[in-house]
Amino acid sequence: MLLFLEQCLNGLQFGLLLFLLAAGLTLVFGIMDLVNLAHGSLYMIGAYFAATFVALTDSFVIGAVLALIATLVVGMAVEVVAMRRLYGRDHLDHVLGTFGLILFFNELVRIVWGPAGLTLRVPDWLNTSVRVLPGLDYPTYRIAIIVSALLVALFLYVLVMRTRIGMLIRAGASNREMVGALGININLLYTLVFGLGAALAALAGLMQAPIQTVQIGMGENILILAFVVIIIGGIGSIRGAFVAAIMVGLIDTVCRAFLPDVLRLVLSSRGASTVAPAMSSMLVYFLMAVVLVVRPAGLFPVANK
Amino acid sequence: MNGLFAPRDLVVAGLLTFLALVPVYVALTGNAFLMTLFTRIVILAMAATSLNLILGYGGMVSFGHAVYLGVGGYAVGILAYEGATSGFLQWPVAIGASALLALIVGALSLRTRGVYFIMITLAFAQLVYYFGVGLDRYGADDGLTVYRRSQFAGLINLSNRTVFYYLCLALLVGTIYLVWRLVNSRFGLVIQGARSNDRRMQAIGFPTFRYRLTCFVIAGAICGLAGALLANHTGFISPATMHWTRSGDLIVMVVLGGMASLFGPLIGAVTLLVLEELLPPLIRMLASPFMEQSMAARVAEYWQIILGPLFLLVVLYARGGINGMLESVRRG
């Protein structure tokens, strides 16, 4: 039971991480109608920046903040140079153009940081564990991820629903021309939204970095999961992305932890340990296929889309 | 209106002549690498041509087409592993399995539209990809070596590189001919009508879902055959063949060459794969006057930094791909 609870916490943590990635993706998708495959590259770049700045400044927090700012700037630059020209185009054009950007960023990272991966250590003050329940110790770092992701989710909710900027973002999503006609600089707004999405991706990347290694192509598989999340949640819906991210995170993590034991009843133990991770990955895509067949616009469809 | 001398037709004719003469050149120079490269190009051009049928003519942006390459390849690999090396069994199974998968994926995906279609085909592709990763008996993540090429009871010997190349080329030309016949038939016109306005096609009485599904299955089956060829060519099949970036490569080939044009995918496949081979030495040549040899060699490794933005430029400034550019030359 305690083990199950621990895996649920792991699932929640992974789900919230996915949410950070998916939130930026769904904002860009919902507002600019842009399929951005290069979002995973921003996740990767955030992790690389964090590893570099933390090593330079010798402080996890300062390094993380610098990495966020740096990725925000990179994101806004990408928007101005490339993405801006893709708005209003066919989705196929987005897929192809941003696919090219993935190659570009992978190669750029290889030039700047070299082909070997980097490591980012958990700072000592987070490298402890907390007694969550009697008999259940949980790593402080993972709790920190959960708490900060929840805070970011709250911040996003307040930003989008309760501030003037958020009002403009929502207005821009439903009618771009009208917002422009009312004297709002829509180009600047889009650049800001894209930069915000990039920073969220970087946050996900730098928080995941100590758990996995920082390497080229690290964003490619998790990007597809983030797309699954926003499709299940309904494109453009941050609430949908939140619910779907936690669903996907829980399914992926809990199945990965317990399927081997279940499969061992019918398979050899070596077979079970190969099949189980593959099966839990398949389950997520299966869920998405079912959702799309039953509710083609996702669980929380956004009106007028 | 001297269509015979239009630049596009000249390029296509030149390309086909060149492809037909590759084994001759190889026999004269003994450059076996060129043979391997062009066999691969011809096979992938076949896969891209099948994708063009649904993506270009049908407007169905499938982001999981590489899966059929994998299914066709695994059909050959698994049957060979289990001792059934006859091509008369392997190839029909490869085509049949791909067609069946395309039927299932198509039946579920074609209910959705636009970006949801892109994403659901991607999801099914990931599903099959992870299924491949979980195939414990057949090498799982590491893949499966195919030790013997498909046997055709002495009729045709695939182990002979030249024979195999010409077989692939013949199948490619056959595929292009099939696509040409299809898109100019009543069936093809319905497909293209549904691309531009599905609702109107339904209103005038065509059950477009069935037409589109049939088209999707044909494309999958052709790509499955290409997969069987690919497994024979490389002697190896692994889940990496089905990774979503491979599907992306196929889309790149189609769009680079020119969507909804008969020879576009062939031009795109040749351009992309030859560029991949030529860019590193080219960069090295251009860079070497400005730096030391070792440095120039290092710079040449980073050729993808040129290839990536090139895709973006094609999207932004060359909507019809290379085929479109060649056609606009004729119009002046």
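**Briefing: a predicted complex of chains A and B**

B:Ala260 lies in the loop that runs between helix 10 (244-257) and helix 11 (264-287) of chain B. The model is predicted. The predictor gives the complex an ipTM of 0.84 and a pTM of 0.89. In the contact between the chains, 38 residues of chain A meet 39 residues of chain B.

**Positive phi in chain B**

- B:Ala260 has a phi near 55°, which is positive although the residue is not glycine.
- Is B:Ala260 buried or exposed? B:Ala260 is buried, because 20 other C-beta atoms lie within 10 Å and 20 or more is the cut-off for that class.
- B:Ala140 is another non-glycine residue with a positive phi, here near 45°.
- The place of B:Ala140 is the loop between helix 5 (114-133) and strand 1 (144-145) of chain B.
- B:Ala140 has 19 C-beta neighbours inside 10 Å, so B:Ala140 counts as partly exposed.

**The side of chain A that touches chain B**

- In total, 38 residues of chain A are in contact with 39 residues of chain B.
- Three elements of chain A give two or more residues to this side: helix 4 (91-113), helix 9 (218-233) and helix 11 (269-294).
- Which element of chain A gives the most to this side? Helix 4 of chain A does, with 16 residues.
- By type, the residues on this side of chain A are 26 nonpolar, seven polar and five charged.

**Helix 4 of chain A**

- Helix 4 of chain A is 23 residues long.
- From first C-alpha to last, helix 4 of chain A reaches 32 Å. That is close to the 33 Å expected at 1.5 Å a residue.

**Confidence**

- Chain A has an average pLDDT of 88, and 99% of the residues score at least 70.
- Among the elements of chain A, strand 1 (residues 129-133) has the lowest mean pLDDT, 81. Helix 3 (residues 60-81) of chain A has the highest, 95.
- Chain B has an average pLDDT of 90, with 98% of the residues at 70 or above.
- Among the elements of chain B, the lowest mean pLDDT is 76, in helix 12 (residues 293-300). The highest is 96, in helix 9 (residues 208-234) of chain B.

Conventions: Residues numbered from 1 in each chain as written. Chains lettered and ligands numbered in written order. Predicted model: local features only at pLDDT ≥ 70, side-chain atom pairs only at ≥ 80, totals over all residues. Contact = placed C-beta atoms within 7 Å. Helix = DSSP H or I, 4+ residues; strand = E, 2+ residues; numbered from the N terminus. Nonpolar A, V, L, I, M, F, W, Y, C, P; charged D, E, K, R; others polar. Buried ≥ 20, exposed ≤ 12 C-beta atoms within 10 Å, placed from the backbone. Expected span 1.5 Å × (residues − 1). pLDDT = per-residue confidence, 0-100.
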